[in-house]
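Subject: Structure for you to look at

Hello,

Here is the structure I said I would pass on. Please open it first, then read the notes below it.

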Amino acid sequence: MRLVSDLEYGEVDLSASAEELTDLASVVAQGEGLLSSTLSPDGNTLAGVEVRGTSGPGVLIRRDPERQILVISGDSASRTVLAENLRAMATAEDGGHLHVDYFPGHFYLAEGSLPLVVNSPHGGMSTR
């Protein structure tokens with residue numbers, strides 16, 4: 001898994017194998033865990049993803065600048081939706097990417113969540 005923090009656009013770009021995305025989805029659904037990522041010398045990569053179960057409401061995605069990790073926290077129902085989206089991206093054989101972006105009234109993301117782009121392990125743009 002590789003997590004690139006784009007400070008200019010304020011988003012995190014996640015690239016992972018199907019197995020890694022499935023593992024991340026499982027940790028998100030469980031509400032507890034820490035997964036490491038591959039670091040690169042450019043200094044824009046994050047060291048991993050930490051998931052925490054909280055009372056919510058919604059899922060909050062944020063960057064912990066001290067530890068250089070992505071933190072995903074939230075209530076069980078909201079984490080379940082995010083986990084299902086991650087699993088769908090892991091199994092979508094026609095490629096593409098998923099934008100996880102907050103907007104007012106979002107049904108599972110909490111206000112203040114960082115935008116997250118999840119790339120398909122199968123690359124490219126979706127043919128759907």
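**Helix H1**

The model is predicted, so local features need pLDDT of at least 70 and side-chain atom pairs count only at pLDDT 80 or more, while totals for chains, interfaces and linings use all residues. Residues are numbered from 1 along each chain as its sequence is written, and side-chain values use heavy atoms, with hydrogens and water left out.

Helix H1 covers residues 18-30, which makes 13 residues. Helices (H or I, at least four residues) and strands (E, at least two) are DSSP runs, numbered from the N terminus. From its first C-alpha to its last, H1 reaches 18 Å, close to the 18 Å expected at 1.5 Å a residue; the expected span is 1.5 Å times one less than the number of residues.

Which residues of H1 are buried? They are Leu 21, Leu 24, Ala 25, Val 27 and Val 28. These residues cover an arc of only 165° around the axis, so they sit on the same side of H1. The arc is that of the directions from the helix axis to the C-beta atoms. An α-helix has 3.6 residues a turn, so residues three or four places apart point the same way.

The cover over the buried residues of H1 includes strands S2 (11-15), S3 (32-36), S4 (48-53) and S6 (69-74), along with H2 and S8. Contact means heavy atoms within 4.5 Å. Just after H1, Gly 31 has a positive phi of about 85°.

**The sheet**

Four strands form an open sheet in the order S1-S2-S8-S7, with mixed pairing. Two strands pair if DSSP finds at least two bridges between them. Strands S1 (2-6) and S7 (97-100) are at the edges with a single partner strand each, so one side of each has no neighbour in the sheet. From one strand to the next, the twist averages 15°.

S7 and S8 (residues 116-119) run antiparallel and are joined by four bridges. Leu 98 has Val 118 as its bridge partner in S8. Helix H2 (residues 76-91) packs on the sheet and touches S7 and S8, its direction making about 165° with that of S7. Axes are lines fitted to C-alpha atoms, for helices over the stretch in contact, and angles run from 0 to 180 degrees between N-to-C directions.

**Salt bridges**

How many salt bridges does the structure hold? There are three, a salt bridge being a side-chain nitrogen of Lys or Arg within 4 Å of a carboxyl oxygen of Asp or Glu. Glu 50 and Arg 52 meet in one of them (2.9 Å, N to O). Glu 50 also forms a salt bridge with Arg 67, with the closest N and O atoms 2.5 Å apart. Glu 50 is in strand S4 and Arg 67 in the loop between S5 (59-64) and S6, so this pair ties together parts that are 17 residues apart in sequence. Arg 67 in turn forms a salt bridge with Asp 64, at 2.9 Å between the closest N and O atoms.

Regards

Key. Buried < 20%, exposed > 50% of the residue type's maximum accessible area, 1.4 Å probe, protein only.
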